[in-house]
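Student: I would like to learn how to read the inside of a protein model. Could you walk me through it?

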Amino acid sequence: MAYLQSLLLLHLIIFSIMNQTQVSLCATQKTLILPLKTQTLPHGLVPKRQNPTSKISFHHNVTLTVTLTVGSPPQSVTMVLDTGSELSWLHCKKTQNFNSIFNTLSSKSYSPTPCSSPVCRTRTRTLPIPVSCDQNKLCHATVSYADASSMEGNLASETFYIGNSARPGTIFGCMDTGFSSNSDEDSKTTGLMGLNRGSLSFITQMGFPKFSYCISGRDSSGILLFGEASFSWLQPLNYTPLIQITDPLPYFDRVAYTVQLEGIKVSEKVLPLPKSVFVPDHTGAGQTMVDSGTQFTFLLGPVYTALKNEFMQQTKGILTLLNDPNFVFQGAMDLCYLVPLNRPILPQLPKVSLMFRGAEMVVSGERLMYRVPGMVRGGNSVYCFTFGNSDLLGTEAFVIGHHHQQNLWMEFDLVKSRVGLAEVRCDLASQKLGLGV
């Protein structure tokens, strides 16, 4: 799971990304295109399915989630889409907190993984917590997250379906015990789909060399794609290499999508910071991860403070500070503003550019501010800056969340070890593929 996934499950709107799977053939390999549809839903409402035989449902509730089918006969499950973790897992035991489960007894293709299997002995080496052997000599796995949430269960193999494509023998965690810091939100999903570069991640097991997604910030459409993206309308991507560290370090995730952040600009002013503050130290602390399982972007303390001060300086006379030292949104976002309720749009704001080696991510307009749901102060809404302080969360890393990846084509290339991005209107891209509303 992403470092911050469960920490970000408070007071957020629910999006639903419903998609209809289309399988197309590129010149070199099969590509799975999953069109996304987003709509704002009342809390807890599940979208209606429009074509049950070919539909994969997405919805977006702080994290992105995918609904697909697993087992024989197929059962519908909903999984968090997470580039920040490896092991995919499902709840397999119904409890008071977790109502959506995968029923192993109903599936003819379910097979638990014994401790003696090569999967248990060799392919689990990059999991953060080593596997163990339970009393039934089955491979026992534990996953634990930064907010103290944890899940335990056995590794197993099962048939997963992406649209009409069956993937038998997929390894996942069948979890029967656990603790969640936010059981109300977690009860809406069945599990998590790990998409990092580890041996057991979903994308590694599927055998695709790359995958992409495009999240619309404008309307209800978007794209998730496994395989090669060859579209004439997609401008060339700017690539930034993945940082490779072979030696095990205590605070460095070697299978994350780690890139090198080299600087930050506000408008055209580069923050006066040495490049060394963006480089991981001898313990591995300070890596920069691209993470679909975290909503906002979090920066280590000195970098966050410099960005906060410069943004405040450039928005003097444009925005009114909240000036409430007791209010910190989601525990790490302490730069907030008052915006009159009768103001239809935000004023023009200075853009923030994240400068990577070989690529740049520009955050502008509405993506810079997030309205705190339900909070009103004297005729004003409260908006918070969408960058937070990693130090306040106890996270020793820079984390680039999916809110700042909106309207970007994001490609994760496992073969060439790089991440590519290009600006694109994701709603229009969806229409070009015939997947729009």
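Student: Which residues touch the most other members in the largest nonpolar core?

Tutor: Start with the general idea: in soluble globular proteins, nonpolar side chains tend to be buried together. Keep in mind that this is a predicted model. Its largest nonpolar core holds 65 residues, and I264, L307, F311, L368, F387 and M410 touch the most other members. Helix α4, residues 301–314, gives the most to this core, with 5 residues. Another core lies apart from it, with 16 residues, among them L87, V119, Y145 and L200.

Student: What does M410 touch, leaving out residues up to four places away in sequence?

Tutor: With those left out, M410 touches F211, S212, Y213, V290, M361, Q405, V419, G420 and L421.

Student: Let's turn to the rings. How many aromatic pairs does the structure hold?

Tutor: There are 19 aromatic pairs. A pair of aromatic rings is described by the distance of the centres and the angle of the planes. Take W233 and W409: their ring centres are 6.1 Å apart and their planes stand at 75°, so the pair is edge-to-face. This pair links distant parts of the chain, 176 residues apart: W233 is in the loop between β15 and β16, and W409 is in strand β30.

Student: Is W233 buried or partly exposed, and is W409 buried or exposed?

Tutor: W233 is partly exposed, at 23% relative accessible area, whereas W409 is buried, at 0%.

Student: Where do F296 and Y370 lie, and why does their pair tie together separate parts of the sequence?

Tutor: Geometry comes before location here. The ring centres of F296 and Y370 are 5.1 Å apart with planes at 70°, so this pair is edge-to-face. F296 lies in the loop between β20 and β21 and Y370 in strand β26, so the pair ties together parts 74 residues apart in sequence. F296 is buried, with a relative accessible area of 0%, and Y370 counts as buried at 9%. Rings can also form a cluster: ring pairs link F208, F211, Y213, F226, Y257 and F412.

Student: What sits over the ring of Y239?

Tutor: That is the charged end of R418, 3.5 Å from the ring centre.

Student: Finally, which way do the side chains of strand β29 point?

Tutor: In a regular strand the side chains alternate between the two faces of the sheet. In β29, residues 397–400, A397 and V399 point one way and F398 and I400 the other way, and all are buried. Strand β29 pairs with β20 in the parallel sense over 4 bridges, and A397 in β29 stands opposite Q287.

Methods:
Residues are numbered from 1 along each chain as its sequence is written. This is a predicted model: local features need pLDDT of at least 70, side-chain atom pairs count only at pLDDT 80 or more; totals for chains, interfaces and linings use all residues. Side-chain values use heavy atoms; hydrogens and water are left out. A nonpolar core is a set of buried Ala, Val, Leu, Ile, Met, Phe, Trp, Tyr and Cys residues joined through side-chain atoms within 4.5 Å. Buried means under 20% relative accessible area, exposed over 50%, partly exposed in between (1.4 Å probe, protein chains only). Helices (H or I, at least four residues) and strands (E, at least two) are DSSP runs, numbered from the N terminus. Contact means heavy atoms within 4.5 Å. Rings of Phe, Tyr and Trp (its six-membered ring) pair if their centres lie within 6.5 Å; planes under 30 degrees apart count as stacked, over 60 as edge-to-face and the rest as tilted. A charge sits over a ring if NZ of Lys or CZ of Arg is within 6 Å of the ring centre and within 35 degrees of the ring normal. Two strands pair if DSSP finds at least two bridges between them.
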